[in-house]
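Have the model open in your viewer as you read.

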Amino acid sequence: MYTGMAGMIMPSTYSSFSFKGRDCRKLSTDIGRCHGIRAMRIEKPLEELYNVRVERKVSPERLVELGVSRWSVWKTGKCKLPWDWQVDQLVFIEEGEVRVVPEGSEKFMSFVAGDLVRYPKWFEADLWFNAPYRERYCFRAYGDD
């Protein structure tokens with residue numbers, strides 16, 4: 001129900017009709033017609049949805065700037081690991097590829113050798129490794145970049 005500025009009460013009812021073969025609904029108080037406008041579904045990249053940042057093909061200068069050679073090393077072979085991050089983690093992939101499937105998702109992000117990836121605190125995902133994999137990593141405090 002719609003109440004006008006002067007206190008006038010005007011009932012709003014819905015009506016259905018067909019326009020160019022499409023079913024349309026409108027308020028009886030609306031002026032105009034249904035033009036068959038369809039909503040578009042725009043999907044954001046998973047990295048954006050989950051706040052995972054990635055730099056591809058990182059330059060040697062950038063690696064020196066970050067001190068990557070002093071970071072801890074982790075490696076694995078073909079496997080699947082459930083993982084959750086208790087703190088922000090910065091990872092430089094030296095060898096291989098990882099597919100990251102966020103918890104509750106059927107889609108994945110793929111990161112390969114040469115990528116610098118920042119996983120946010122509290123992020124949860126399954127990690128899939130199909131071959132030997134090696135990374136250097138460090139944990140970051142909030143606000144460190």
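**From the whole chain to single residues**

Among contacts in the chain between residues at least 6 apart in sequence, 67% join residues at least 24 apart. Contact here means heavy atoms within 4.5 Å. This is a predicted model, in which local features need pLDDT of at least 70 and side-chain atom pairs count only at pLDDT 80 or more, while totals for chains, interfaces and linings use all residues. Residues are numbered from 1 along each chain as its sequence is written, and side-chain values use heavy atoms, with hydrogens and water left out.

The chain has two helices and 13 strands. These are DSSP runs, numbered from the N terminus: helices are H or I with at least four residues, strands are E with at least two. Of the 145 residues, 30% are buried. Buried means under 20% relative accessible area, exposed means over 50%, and partly exposed lies in between (1.4 Å probe, protein chains only).

Now pick out Tyr-119. Leaving aside neighbours within four places in sequence, Tyr-119 is in contact with residues including Val-52, Trp-85, Asp-88, Val-98, Val-100 and Phe-111.

Next, the aromatic rings. Rings of Phe, Tyr and Trp (its six-membered ring) pair if their centres lie within 6.5 Å; planes under 30 degrees apart count as stacked, over 60 as edge-to-face and the rest as tilted. By this rule there are eight aromatic pairs. One of them joins Trp-74 and Tyr-133, edge-to-face, at 6.1 Å centre to centre with 65° between the planes. The pair links distant parts of the chain: Trp-74 sits in β6 (residues 72–76) and Tyr-133 in β13, 59 residues apart. Trp-74 has 26% relative accessibility, so Trp-74 counts as partly exposed. Tyr-133 has 2%, so Tyr-133 counts as buried. A second pair is Phe-111 with Tyr-119. Their ring centres are 6.3 Å apart and their planes stand at 80°, so this pair is edge-to-face too. Both Phe-111 and Tyr-119 are buried. Ring pairs also link Trp-85, Phe-111, Tyr-119 and Phe-123 into a cluster.

Where does the lining of the largest pocket come from? β7 (79–84), β12 (124–129) and β13 (133–140) each supply at least two residues. The largest share, four residues, is from β13. A pocket is found on a 1 Å grid over the protein atoms alone, as an open set of points where a 1.4 Å probe fits, with protein on both sides within 12 Å along at least five of seven lines; lining residues have an atom within 4 Å of a point. The largest pocket holds about 230 Å³ of space. Its lining has 16 residues, and the closest to the centre are Trp-83, Trp-85, Gln-89, Leu-127 and Glu-135.

Go back to Asp-88, in strand β8. Is this residue buried or exposed? Asp-88 is buried, because its relative accessible area is 15%. From Asp-88 to Lys-121 is 33 residues in sequence, but 4.5 Å in space, C-alpha to C-alpha. Not counting residues up to four places away in sequence, Asp-88 touches Arg-118, Tyr-119, Pro-120, Lys-121, Cys-138, Phe-139 and Arg-140.

Pro-120 is in the loop between β11 and β12. Its relative accessible area is 12%, so Pro-120 is buried. Beyond four places in sequence, Pro-120 touches Tyr-50, Asn-51, Val-52, Trp-85, Val-87 and Asp-88.

Trp-122 is found in the loop between β11 and β12. At 56% relative accessible area, Trp-122 is exposed. Most residues other than glycine have a negative phi. Trp-122 has a positive phi of about 75° although it is not a glycine. Lys-57, in the loop between β5 (53–55) and α2 (60–66), has a positive phi of about 50°. Lys-57 is exposed, with a relative accessible area of 78%.

Notes. Grid points are joined across faces, edges and corners, and a volume is the space filled by probe spheres set on the points.
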